[in-house]
Amino acid sequence: MRRGCFVKNLIALVGAVISVCCLLVIMVSVLQLPEVSLRNKVTGPNRTIRIRKVSKDEEIGRFGEMMIEMLPEDLAFTVFVPSEKAFQRDLRLWLNDSLVAEKRNDTYAVVSRILGFSAVPQALSSATVSSSKEIFYDSLSGFTLYISKDLDGMLVVNRIRSEKVDLRRGQIVVHIMDGVIMDAEFEQAVQPDYTEED
């Protein structure tokens, strides 16, 4: 009788140890964030591309700065930031007019909406994009971005060509675009009204 009790307790003890070990493995795997290794030098096929850090002197524009400031610098993101000319041409946002106190909230709403269309939650340098095929990612808002590389090594995202690539701000990779990435509905909402009143 005593031996049967000992075997039952041993089985219970082994079962408890296995359960605790499994629970620890699950907790460690859930709590451990993936390591993102971004180096200052990325090697592509037959060439080397250097990822430059964005400095205060680098011209990404005030609206681009607003977009980048909305993201945490310690997480990996890729942002396709419109150039200052693109903000003026496509969204009619001018620095001297759009950042005044009366319009600041509207400007912030437009810039944050553009960020949702043009940010990908992972680092994507130009070296990781093959020039032979198109890749696609979902942006923060769920808008699909079709990304390819032209013969100059510049990225093309949804038919909008980049002006500068592989700028860095913390873990964020920034590409300056010659246009604004947005869906058709938002594009229609920001288009100028050409009707003239008499």
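Ser83 is a buried residue, since its relative accessibility is 6% (buried means under 20% relative accessible area, exposed over 50%, and partly exposed in between, with a 1.4 Å probe and protein chains only). Residues are numbered from 1 along each chain as its sequence is written, and side-chain values use heavy atoms, with hydrogens and water left out. This is a predicted model, so local features need pLDDT of at least 70 and side-chain atom pairs count only at pLDDT 80 or more, while totals for chains, interfaces and linings use all residues.

**Around Ser83**

- Ser83 sits in the loop between β4 and α3 (84–91); helices (H or I, at least four residues) and strands (E, at least two) are DSSP runs, numbered from the N terminus.
- Leaving aside residues up to four places away in sequence, Ser83 touches Glu163, Ile176, Met177 and Asp178, where contact means heavy atoms within 4.5 Å.

- Strand β4 (residues 77–82) is largely enclosed by the rest of the structure, because six of its six residues are buried.
- In a regular strand the side chains alternate between the two faces of the sheet.
- In β4, Phe77, Val79 and Val81 point one way and Thr78, Phe80 and Pro82 the other way, and all are buried.
- Strand β10 (residues 172–177) pairs with β4 in the parallel sense over six bridges; two strands pair if DSSP finds at least two bridges between them.
- Within β10, Val174 is the bridge partner of Val79.
- Strand β5 (residues 119–120) pairs with β4 in the antiparallel sense over two bridges, and there Val120 stands opposite Thr78.

**Salt bridges**

- The structure holds six salt bridges, each being a side-chain nitrogen of Lys or Arg within 4 Å of a carboxyl oxygen of Asp or Glu.
- Side chains of opposite charge can pair when their charged atoms come close.
- Glu65 forms a salt bridge with Arg169, with the closest N and O atoms 3.1 Å apart. Since Glu65 lies in helix α2 (residues 62–69) and Arg169 in strand β9 (residues 160–169), the pair ties together parts that are 104 residues apart in sequence.
- Both partners count as buried: Glu65 has a relative accessibility of 17% and Arg169 one of 14%.
- Arg89 and Asp178 meet through their side chains in a salt bridge (3.6 Å, N to O). This pair links distant parts of the chain, with Arg89 in helix α3 and Asp178 in the loop between β10 and α6 (184–190), 89 residues apart.
- Arg89 is partly exposed at 47% relative accessibility, and Asp178 is partly exposed with a relative accessible area of 37%. Salt bridges that share partners join Arg89, Asp90 and Asp178 into one network.
- Glu69 forms a salt bridge with Arg62, with the closest N and O atoms 3.6 Å apart. Glu69 is exposed, with a relative accessible area of 53%, whereas Arg62 is partly exposed at 36%.

- In soluble globular proteins, nonpolar side chains tend to be buried together.
- The largest nonpolar core has 26 residues, and those with the most contacts inside it are Met67, Val79, Leu91, Ile114 and Met182. A nonpolar core is a set of buried Ala, Val, Leu, Ile, Met, Phe, Trp, Tyr and Cys residues joined through side-chain atoms within 4.5 Å.
- This core draws at least two residues from each of α2, β4, α3, α5, β10 and α6.
- Apart from it lies another core, of 14 residues, including Met154, Leu155, Val157 and Ile160.
- The buried residues in α5 include Thr107, Val111 and Ile114.

**Positive phi angles**

- Arg92 is not a glycine, yet has a positive phi of about 55°. Arg92 is found in the loop between α3 and α4 (95–98) and is partly exposed at 35% relative accessibility.
- Asp166, also a residue other than glycine, has a positive phi near 60°. Asp166 lies in strand β9 and is buried at 2% relative accessibility.

**Confidence**

- The mean pLDDT of the protein chain is 78, and 75% of its residues reach 70 or more; pLDDT is the predictor's confidence in each residue, from 0 to 100.
- Confidence in the protein chain is lowest in strand β1 (residues 41–44), at a mean of 40, and highest in β5, at 94.
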